[in-house]
Amino acid sequence: MNLWLTLAVNSISLGGLLFLLSAGFSLIFGLMRIPNLLHGSFFMLGAYLGVSALNWHINFWVAALLSALAMTLIGGLIERFLLRRLAGQELAQVLLTLGLSFIVADVCLMIWTGDPWQPATPEHLRGAVQVGTLFFPIYRLVILAVAIVIAIGLWLMIDWTRLGAMIRAGVDDAPIARVVGIKVSQLFTLIFSLGAALAAFAGVMGAPYLSVYPGLDFEMLPLALIVVILGGTGSLLGALVGSFLIGFLYNFGQAMFPDLAYVILFLPMLLVLVLRPQGLFGRAMP
Amino acid sequence: MSFLTPQRAAIAAALLLLVTLPIWVGNPYYINVASQILFFAVFALGLNVIVGYGGLVSLGHAGLAAIAGYTAALMLAAGHGHFISDFAAILVTLAASAVFAVLSLRGTGIGFLMITLAIGQIIWGILYRWSSLTNGDNGVNVSGRPAPFGISLASADSFYYATLLVFLAAVATMAVFFRSPFGASLRGTRDQARRMTALGYNVWLIRFLAILISGFWSGVAGLLFIYYNQFISPQVATLTASAEVLLMVISGGTATLLGPIAGAAIVVIMKNVVSAYIVRWNLVLGVIFVLIITFMPEGLVPGSVRLWRTAWRKLSRRDGVIPAKTEPTP
């Protein structure tokens with residue numbers, strides 16, 4: 001009984017992390033029409049930056065925000081000066097993000113070496129909450145809470161602000177959005193930076209729990225990919241549902257079929273591809 | 001009607017060079033590098049079938065080569081003969097390619113790329129995590145190379161000649177294939193899929209068959225790989241490995257016969273040279289990737305010609321008339 005409950009709590013917090021990661025991935029895909037193969041690298045680089053900040057005894061939340069800020073800048077620069085050069089050539093853009101991800105992986109290996117880094121859980125987040133006879137680790141619940149807050153924030157931004165309306169217009173029909181005077185290229189930079197920041201923030205949040213090590217980037221990237229194929233591109237609700245689905249599948253699969261856990265993770269994706277290629281909550285791709 | 005056209009002369013010269021290579025190179029290390037170039041060229045030629053001629057960019061092909069390699073390695077380890085193991089490996093790879101095709105052809109363009117990436121990761125995941133079957137990260141040893149018709153392939157020279165034979169077979173079939181009506185219809189599905197459908201071609205079936213052909217040659221390359229290294233590990237199926245082959249195809253110039261071969265030579269030589277001086281091969285790979293895609297997306301050979309012409313024109317300041325672009329519009 002207790003094992004299942006622990007697994008469930010772990011699944012929910014992994015789902016929260018995955019949402020932070022894949023929300024940006026999904027928005028970038030929806031708007032720019034490219035899977036950003038750098039997204040796992042943003043997660044890993046963000047986590048490394050956060051770990052370094054924590055080593056200088058910076059507050060956990062400040063470290064997470066600093067890392068997110070740094071990745072906002074890096075993401076914006078990559079979009080503005082590299083991806084923008086290849087505007088309209090989606091394939092070249094995807095391959096560019098792939099090439100950059102190799103560079104990031106090797107630079108991280110050079111700076112932070114091959115040893116895993118696992119920062120201690122910040123003191124005010126240690127311990128557990130008791131509900132009846134059950135104990136829930138606070139840190140896992142905090143990850144979930146942060147994910148929910150950010151999900152609500154993103155939803156408010158996309159559905160209720162002028163900026164959100166412009167983003168939705170860009171997702172639906174970029175050429176027409178340009179015609180009516182929306183600067184879609186600026187939205188690209190904005191969304192790319194935002195996605196990078198969310199991934200970095202998720203990286204720091206996940207560091208005390210997943211630890212940071214070389215190869216984390218290409219472990220997280222397929223997860224974001226599965227979540228978005230499952231949920232449908234450009235759909236926040238899809239990213240949310242997909243993240244928790246994969247969170248559960250990952251933890252329960254690993255506990256029950258350790259040899260095949262990684263494969264089980266991809267099964268719902270294959271099913272969705274065969275039965276409903278646009279994803280659970282997505283509309284048909286143009 | 002002269003028999004000796006420049007093209008035929010070039011082919012004859014290239015053949016002569018390749019056949020006599022072990023004699024003028026001498027050092028077994030460089031002969032081994034040449035063997036590596038040849039089997040990676042077979043792999044790149046296979047991938048080029050769908051990337052160059054089919055317009056379908058795959059990031060999961062290393063998985064197909066790994067399936068062939070692992071099937072043969074595991075069967076050899078279980079005590080089966082070389083012939084039956086290799087035959088089974090090719091059959092399994094073809095079956096895997098069929099599944100690969102059915103799933104990945106749910107999308108085209110970016111969708112295809114994402115699905116192939118995911119399938120590649122699944123294959124890597126099976127090889128890496130299912131350690132009771134695949135021995136996990138420790139890999140599988142392959143004891144000894146085969147000796148077809150009683151000729152041992154243990155030495156660098158003999159293995160080079162065996163690889164050269166396979167390579168020439170691959171080049172010849174590719175040359176015939178692309179001039180065939182089927183090759184033309186594959187190019188048609190790349191350029192104008194909708195019109196091809198309107199003309200009555202089964203676009204899906206053409207692409208499916210192209211993926212099978214591509215999978216077959218990837219499998220052959222996988223077999224040559226395990227016999228060369230006499231070892232296979234999940235490292236073969238990583239995303240980096242798929243990206244490396246894709247880089248060979250793109251860097252040389254897609255949809256050409258020579259492009260992937262030149263690309264394979266460039267990447268293998270770079271890898272061997274760079275690894276001798278620094279350990280950061282992935283960094284170099286990434287930088288080359290980014291540079292090629294940003295500055296010469298059409299491939300190194302046509303790209304350098306274009307850059308050289310632009311530079312020359314700017315230097316000589318004779319840019320009064322801007323020539324129209326001669327590339328065909330899609």
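Visitor: Which residues have the most contacts inside the largest nonpolar core, and how many residues does that core have?
Guide: In this predicted model, the largest nonpolar core has 184 residues. Ala200(A), Ile226(A) and Val42(B) are those with the most contacts inside it.

Visitor: What is Ile226(A) in contact with, leaving aside its neighbours within four places in sequence?
Guide: Ile226(A) is in contact with Ile246(A), Leu265(A), Phe266(A) and Met269(A), and also with Ala118(B) of the other chain.

Visitor: Which residues of α9(A) and α11(A) meet?
Guide: From α9(A), Ile226(A), Ile229(A) and Leu230(A) take part. They meet Leu265(A), Phe266(A), Pro268(A), Met269(A), Val272(A) and Leu273(A) in α11(A). By class, this contact has 9 nonpolar residues, with no polar and no charged ones.

Visitor: At what angle do the two helices cross, and how close do their axes come?
Guide: The axes of α9 (residues 216-231) and α11 (residues 261-275) of chain A cross at roughly 35° and come within 9 Å. The crossing of α9(A) past α11(A) is left-handed.

Visitor: Turning to the two chains: how many residues of each are in contact?
Guide: On chain A there are 36 residues in contact with 32 residues of chain B. Helices α4 (90-112), α9 and α11 of chain A each supply at least two residues to the side that touches chain B.

Visitor: Which of them gives the most?
Guide: That is α4(A), with 14 residues. The residues on the side of chain A that touches chain B divide into 30 nonpolar, 1 polar and 5 charged.

Visitor: What is the make-up of chain B in helices and strands?
Guide: Chain B has 14 helices and 2 strands. Its C-alpha trace spans about 70 × 50 × 50 Å along the principal axes.

Visitor: How does its radius of gyration sit against that of a compact globule?
Guide: The two agree: a compact globule with 330 residues would have a radius of gyration near 20 Å, and chain B has 21 Å. Buried residues make up 42% of the chain. Of the contacts in chain B with a separation of 6 or more, 75% are between residues 24 or more positions apart.

Visitor: Where does Leu153(B) lie, and why does it count as partly exposed?
Guide: Leu153(B) is in the loop between β1 (140-141) and α7 (156-179) of chain B. It counts as partly exposed because it has 19 C-beta neighbours inside 10 Å, and a buried residue needs 20 or more.

Visitor: What does Leu153(B) touch, not counting residues up to four places away in sequence?
Guide: Leu153(B) touches Arg145(B), Pro146(B), Ala147(B), Ser158(B), Phe159(B) and Ala162(B).

Methods:
Residues are numbered from 1 along each chain as its sequence is written. Chains are lettered from A and ligands numbered from 1 in the order in which they are written. This is a predicted model: local features need pLDDT of at least 70, side-chain atom pairs count only at pLDDT 80 or more; totals for chains, interfaces and linings use all residues. Axes are lines fitted to C-alpha atoms, for helices over the stretch in contact, and angles run from 0 to 180 degrees between N-to-C directions. Helices (H or I, at least four residues) and strands (E, at least two) are DSSP runs, numbered from the N terminus. A crossing is left-handed if the near helix is turned anticlockwise from the far one by less than a right angle, and right-handed if clockwise. Two residues are in contact if their C-beta atoms, placed from the backbone, lie within 7 Å. Ala, Val, Leu, Ile, Met, Phe, Trp, Tyr, Cys and Pro count as nonpolar, Asp, Glu, Lys and Arg as charged, and the others, Gly among them, as polar. A nonpolar core is a set of buried Ala, Val, Leu, Ile, Met, Phe, Trp, Tyr and Cys residues joined through C-beta atoms within 7 Å. A residue is buried if 20 or more other C-beta atoms lie within 10 Å of its own, exposed if 12 or fewer, and partly exposed in between; C-beta atoms are placed from the backbone. The radius of gyration is taken over C-alpha atoms; the globule rule is 2.2 Å times the number of residues to the power 0.38.
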